[in-house]
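Thanks, everyone. Let's have the slide up, and then I'll walk through a few local features.

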Amino acid sequence: MDGVGKVSLSFYRDKKVFVTGHTGFKGSWLCRALVLAGVNVTGYALAPETKPALFELLGLKNDMKSVIADIRDYKALLKSLKKSKPEIIFHMAAQPLVRESYKNPVYTYETNVMGTVNFLEACRYIPGARSIVNVTTDKVYENREMNRAFKEDEPLNGFDPYSNSKSCSELVTSSYRNSFYSAKGAVAVSTARSGNVIGGGDFAADRIIPDCVRALKAGKPVVVRNPGAVRPYQHVLDCISGYLLLAEKQYDAGLSGSYNFGPDKSDVVDNAALVELFLDAWGGGSRVHRHDNGPHEARFLRLDCSRAKKILGWKPRMKIGEAVGLTAEWSRAYLDKSGHAACVDRQINEYFGKGL
Ligand SMILES: NC(=O)c1ccc[n+]([C@@H]2O[C@H](COP(=O)([O-])OP(=O)(O)OC[C@H]3O[C@@H](n4cnc5c(N)ncnc54)[C@H](O)[C@@H]3O)[C@@H](O)[C@H]2O)c1
């Protein structure tokens, strides 16, 4: 396989890793980075929900063990975890879309809350497990539009069913940590609250970069629904570097808790600016600002990441322009059919070439 061995995630090389949600956008990037580093990875998720899907474009099922099953199926999840005997486990399987959660709140809560319960319950029966990261979101906080960055100790109470289900996932994790994972030497369990992620290979509905690519492909203007909404956009590689560093650091040292992972303040932009940056990087195209009277979405969201910086030594490596540039580069390679899989490997190798 191209690029094997260049990714320097040396801590992971002799570990067994289990990833729920491996067929999704972030899961595909995380698993590809681990596979390129020669790591033994097992994934557990539904079949890819978009057509196309990055998981399939990368041919990932040939390079890792892929279990296609539902996170709501406790028995199947336990069986897969027991069979794979992982030491490090990332939980990313979720219904991750705000607008979809307004349409399907019950499914969203079942997947994101009971899915987390199933996951943490099953992990209790995996004796070799040492480090667990539950991926939630920047939207877990009670957002009173205060125009300042959230810290990890602030109240959790997401507004819409998606955000709120992730707040609940945080509370479930806290209870499991207090009740079952607090003894000395117990497995470390943390939650990771990352920003809005951009990068090549996201085909989800109602997300701004996929919307841009779809519009440009169709030769239409990009419709920006909430131009003034400010979000902590970050590249998927900056995001997964946070998850990987957290799982590594807590493997021996404990450090269980909650960690924000987002861009620096100077790189937090609104949707209008993000689309302008994308069109610049693309070298053409136009946009219109059109409110569509959609459901409530917060106007301002930013994360204070000083905890992850201080305790884990993590920091975002990309400025927003670079994050958008890499995303446009991949999208161009995909639309031109000019090596989108090699482009992912190159971007991963350049990012992780010297390690975390
Ligand atoms: N993309 C973002 O901007 C962003 C930001 C913050 C947090 N997150 C979180 O990161 C994680 C991954 O998000 P993504 O953007 O890759 O989403 P995605 O939709 O691309 O992937 C979701 C994954 O979860 C799996 N899944 C969904 N329902 C399932 C079920 N019932 N049983 C088993 N698997 C199921 C899917 O099969 C897929 O593998 C999610 O937990 C999401 O909430 C995403």
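In which loop is Asn147 found? Asn147 sits in the loop between strand 5, residues 131-135, and helix 6, residues 161-180. Keep in mind that this is a predicted model.

Why start there? Look at the backbone. Most residues other than glycine have a negative phi, and most peptide bonds are trans. Asn147 is not a glycine, yet its phi is positive, about 55°. Is Asn147 buried or exposed? Asn147 has 9 other C-beta atoms within 10 Å. The cut-off for exposed is 12 or fewer, so Asn147 counts as exposed.

Next, Asp206. Phi of Asp206 is also positive, near 60°, and this residue is other than glycine too. Asp206 lies in the loop between strand 7 and helix 7, the helix at 208-217. Asp206 has 12 other C-beta atoms within 10 Å, and is therefore exposed.

One more backbone point. Which two residues does a cis peptide bond join? Lys51 and Pro52, with omega about 0°. Pro52 has its place in the loop between strand 2, residues 40-45, and helix 2, residues 54-57.

Now the ligand. How many residues surround the ligand? The count is 25. The closest are Gly21, Gly24, Ala45, Ala93 and Ala94. By class, the shell divides into 11 nonpolar, 10 polar and 4 charged residues. Which elements each supply at least two residues of that shell? Helix 1, at 25-36, and strand 7, at 196-198. Helix 1 gives the most, with 3 residues. Strand 7 has come up already: the loop holding Asp206 runs between strand 7 and helix 7.

Last item, a helix pair. Two packed helices are described by the angle between their axes and the distance between the axes. Take helix 11, residues 320-335, and helix 12, residues 340-352. Their axes are 8 Å apart, and the packing angle is about 155°. Angles over 145 degrees count as roughly antiparallel, so helix 11 and helix 12 are roughly antiparallel to each other.

Who makes the contact? From helix 11: Leu326, Glu329, Trp330, Ala333 and Tyr334. From helix 12: His340, Cys343, Val344 and Gln347. The residues of this contact divide into 6 nonpolar, 2 polar and 1 charged.

That's the tour. Over to you for discussion.

Terms used: Residues are numbered from 1 along each chain as its sequence is written. This is a predicted model: local features need pLDDT of at least 70, side-chain atom pairs count only at pLDDT 80 or more; totals for chains, interfaces and linings use all residues. Axes are lines fitted to C-alpha atoms, for helices over the stretch in contact, and angles run from 0 to 180 degrees between N-to-C directions. Helices (H or I, at least four residues) and strands (E, at least two) are DSSP runs, numbered from the N terminus. Angles under 35 degrees count as roughly parallel, over 145 as roughly antiparallel, 65 to 115 as roughly perpendicular and the rest as oblique. Two residues are in contact if their C-beta atoms, placed from the backbone, lie within 7 Å. Ala, Val, Leu, Ile, Met, Phe, Trp, Tyr, Cys and Pro count as nonpolar, Asp, Glu, Lys and Arg as charged, and the others, Gly among them, as polar. A residue is near a molecule or strand if its C-beta atom, placed from the backbone, lies within 6 Å of it. A residue is buried if 20 or more other C-beta atoms lie within 10 Å of its own, exposed if 12 or fewer, and partly exposed in between; C-beta atoms are placed from the backbone.
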